[in-house]
Amino acid sequence: MGLEAAGDFQLAVPWWRPAGGQSVRIRGGRPLRGTYALCGAKNAVLPLMVSALLTPHLVTLRNVPATLDVAVLAALLRRLGAELHWSTTDARLSVTICASRIDPRAIDGDLVGRMRASVLLLGALLARCGEACLPLPGGDDIGLRAVDFHLSGLRAMGARIEVAAGVIHASAPAGLLGADILLPQPSVGATENLMLAAVLANGTTTVRNAAREPEIANMAACLVGMGARISGLGSHTLVIEGGLPLVGAVHDVIPDRIELGTLACAAAVTDGELMLRGGRLDLLGAALPALQSAGVDLREVEGGLIARRAPGGLIGIDIETRPHPGFATDLQAPVMALLATAKGASAVTETIFEQRFRHVGELGRMGADIAVHGRTAMVRGVPRLSGAEVTCTDIRAAAALVIAGLGAAGETILGGVAHLDRGYERMTEKLADCGADVVRSDR
Ligand code: EPU
C-alpha cells in the first residue's frame, strides 16, 4: 500500500492496519447504547497537517483521527522530508511534525492519487519552496471535482502553472504576491490552498466568496497560532497579511461534525441512545434542525451530546445540500439512510457534487424505495430495510450503508470497507462496543 512511510504511526496506533480486501458483516436490529467517542475532524486534520509544511518549527496537532487518509497524508509528508512523531495520551492521538527540510520534488504520485486533499500540497510547497509538481489529485468518485479555482487563485498570486499529462507543474521563483481573489463558488479546498499560499506571500491577499466550514476556521486558528495574520474568520471574505515569519504551534483538531451526524443517525435508526463524547450542536449548521425535524433527538450534556430517536419516530423531510452553514453534503448519504425508513416521503437534493447518489442503488438492494430525478432523490419511507450484500463507493456512502445495515432485518455484508476507514476511526469496532453485531473479516 506504500504506507510504510507513515513512520511510527503504526506503533502509536497498534490496532491500525490498512483495510485492504476486508468486508464487514452487520446483523441488524440491535439498539446502540453506550458512549461513542468522536474523533478530530478528518477534513480539519488534513489541511492542518499540510500547514505544518509552512514552517521549519515544530507543529503539534492533538485529537488526530487515526484514519486511512491521515496515514496516507503522513506517508506523503515523510516522503517530502518531514519527520512525524506520534503519541497517544488518554486514547487521543497527537502528531508532531517537523518540516525543517523539505524536498518539493519528492512527491509520491501514487499516494497523491488516493486523496483529494493532497492538492493542498500545491499551495504549501509553492509558498515554502517556490515550486511544486504533483499529479492531479484523486479521492472519492463523487463528481468532476476540478481544481480550476485553486490554479487560477495561485496564478493570480504570481505562480506559473501548467498542467500536462495529468501533472500540475507550478513555480514561483520570485515568490508569491498577495492578490485579490474572487472564488466562483465557496470551495473548501481552494480556500484552504489559497490561505496556505497567502500566509507566506508578500503583501495582503483577500479571498472573496471564501468557504465558511468550521474546518477552515480551525485551520486559520492554527495558522494564527503559528504567527500568521488572518481576519474575517467565519465570514465570506478572508484577509491574509502575508510574509510574517511562522513559528511552531500546538493545536487541537475540532470534533468531527460529520462523524457526529452519522452516529446520531445510527442511534435513531436503531432506536437506541448514544452519548457522543466530544459532540457539539453548534458544529452542525443546518443539519441540526433537519435532524431534529426528522425525529433525531439531540441534547447537549456535559462532555458531549445524547442522541436518540424522538418519541414521535422518524419522519420524512426535504433537504438540500449547501455550503456551510447549509446542510452538509457529507451528511446527505447518512441522512438518506435514516429517511429510508422514516414515515412519509423525503426529497433529498444534492447541489455540491454531481455524482453523490451512488449509495442509492445499494440502499435499493436493501429494500429502500428511492428514485433519482436529476439532482433530487425521492425517498419513500418503508417500514424496514432488509440485509443484503452491498458495496461502499465512497466514504459517506459507506457510512450510509452501515446505518442502513444496523437498522435492517437480517445480515448485511459490506464490501469496499477501505472507504469507511478513510474517514472514520475504528467505526465498526466502536459500534460493536455500543452493542452492534458487527464483525470484520478478511476476504
Ligand atoms: N470545484 C470546482 N473547481 C475547483 C474546486 C471546486 O469546480 O477548483 C467544485 C467541486 O467540483 C464541487 C464544489 O466546487 O462541485 C465544492 O467543492 P469543494 O472544493 O468545496 O470540495 P473539496 O475541497 O474538494 C471538501 C471535503 C469534502 C466535502 C467538500 C464540501 C476535504 C478533504 N474534503 O472537498 O469531503 O464534501 O469539501 O464540503 O476537506 C468527505 O469528507 O467525504 C468529502 C468528500
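User: Buried residues have under 20% relative accessible area, exposed ones over 50% and partly exposed ones lie in between, with a 1.4 Å probe and protein chains only; which residues of H2 are buried?
Analyst: This is a predicted model, in which local features need pLDDT of at least 70 and side-chain atom pairs count only at pLDDT 80 or more, while totals for chains, interfaces and linings use all residues. Residues are numbered from 1 along each chain as its sequence is written, and side-chain values use heavy atoms, leaving out hydrogens and water. Helices (DSSP runs of H or I, at least four residues) and strands (E, at least two) are numbered from the N terminus. In H2 the buried residues are Lys-42, Ala-44, Val-45, Leu-46, Pro-47, Leu-48, Met-49, Val-50 and Ser-51.

User: Why is helix H2 largely enclosed by the rest of the structure?
Analyst: Helix H2 spans residues 42-51. The helix is largely enclosed because the buried residues number 9 of the 10.

User: Which helix gives the most residues to the shell around the ligand?
Analyst: The ligand is surrounded by 21 residues, a residue being near if one of its heavy atoms lies within 4 Å. H2, H6 (148-156) and H7 (188-200) each supply at least two residues of this shell. The helix that gives the most, with 3 residues, is H6.

User: What is the distance from an oxygen atom of the ligand to an N or O atom in the side chain of Asp-330?
Analyst: A polar contact is a pair of N or O atoms within 3.5 Å. A backbone N or O atom of Gly-189 lies 2.8 Å from a ligand oxygen, and a side-chain N or O atom of Arg-356 is 3.1 Å from a ligand oxygen. For the side chain of Asp-330, the distance is 2.6 Å.

User: How far apart in space are Tyr-36 and Leu-276, C-alpha to C-alpha?
Analyst: Tyr-36 belongs to strand E2 (residues 33-37) and is buried, with a relative accessible area of 1%. Not counting residues up to four places away in sequence, Tyr-36 touches residues including Glu-259, Leu-276 and Cys-434, where contact means heavy atoms within 4.5 Å. Tyr-36 and Leu-276 are 240 residues apart in sequence, and their C-alpha separation in space is 5.1 Å.

Technical notes
Polar contact = N/O pair within 3.5 Å; in protein donor to acceptor, adjacent residues only side chain to side chain.
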